[in-house]
Amino acid sequence: MKSKDDKVRAVGRPPPKSLIYICSPLKGDVKRNIEKANYYARYAYSQGCIPLAPHTIFTQFLDDNNPKERNDGMAMGLALLEHCTELWVFGTNITKGMRKEIDYARKRKIEIRWIVLQETEK
């Protein structure tokens, strides 16, 4: 029961956080690259953002070595990218898949940030 001494606080939506698409390599050492992508997502989270790293999700049920499933995974990732505020590119090795994501973001005028931190090269 409310008391006359209770403070009234406006209840509203929390301030929006930026939805950030994590763009990093998958090909090559897939296991290690997924670990790195999770590290990058953690970094984005530490910056107050909501990270989205589709390649860490879709590889759990899609086979990246199967061309149809790889194309489907890329298409699903690009569909998610449309909802993101920014695309953050991690590392210095830009793969074909990353290039596709970067080009897609540019065409849709989604802000792109190039993140090169010593920690990202772990």
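## Aromatic pairs

Rings of Phe, Tyr and Trp (its six-membered ring) form a pair if their centres lie within 6.5 Å; planes under 30 degrees apart count as stacked, over 60 as edge-to-face and the rest as tilted. By this rule, the count in the model comes to six aromatic pairs. The model is a predicted one: local features need pLDDT of at least 70, side-chain atom pairs count only at pLDDT 80 or more, and totals for chains, interfaces and linings use all residues. Residues are numbered from 1 along each chain as its sequence is written, and side-chain values use heavy atoms, with hydrogens and water left out.

The rings of Y43 and W88 have centres 6.2 Å apart and planes at 55°, so this pair is tilted. It links distant parts of the chain, since Y43 belongs to helix α1 (residues 30-46) and W88 to strand β3, 45 residues apart. Helices (H or I, at least four residues) and strands (E, at least two) are DSSP runs, numbered from the N terminus. The rings of Y43 and F90 have centres 6.3 Å apart and planes at 85°, so they form an edge-to-face pair. Because Y43 lies in helix α1 and F90 in strand β3, the pair ties together parts that are 47 residues apart in sequence.

Ring pairs link Y39, Y40, Y43, W88 and F90 into a cluster. Buried means under 20% relative accessible area, exposed over 50%, and partly exposed in between (1.4 Å probe, protein chains only). Y43 is partly exposed, with a relative accessible area of 24%, whereas W88 is buried at 5% and F90 is buried at 0%.

## Nonpolar cores

A nonpolar core is a set of buried Ala, Val, Leu, Ile, Met, Phe, Trp, Tyr and Cys residues joined through side-chain atoms within 4.5 Å. The largest one has 14 residues, and those with the most contacts inside it are C23, L81, L87, V89, I102, A105 and I112. At least two residues of this core come from each of β1, α3, β3 (86-90) and α4. Helix α4 supplies the largest share, four residues.

Contact means heavy atoms within 4.5 Å. Not counting residues up to four places away in sequence, I112 touches L87, V89, I102, A105 and R106.

## The cavity

On a 1 Å grid over the protein atoms alone, a cavity is a set of points where a 1.4 Å probe fits but cannot get out; lining residues have an atom within 4 Å of a point. Grid points are joined across faces, edges and corners, and a volume is the space filled by probe spheres set on the points. A search of the whole structure finds one cavity of 30 Å³ or more. The largest cavity holds about 290 Å³ of space. Its lining has 23 residues, of which L26, H55, D64, R70 and M74 are the closest to its centre.

The elements that give two or more residues to this lining are β1 (19-23), α2 (54-58), α3 (67-81) and α4 (96-107). The largest share, six residues, comes from α3.

Note on methods
1 Å grid on protein atoms, 1.4 Å probe; cavity = no way out; pocket = protein on both sides within 12 Å on 5 of 7 lines; lining within 4 Å.
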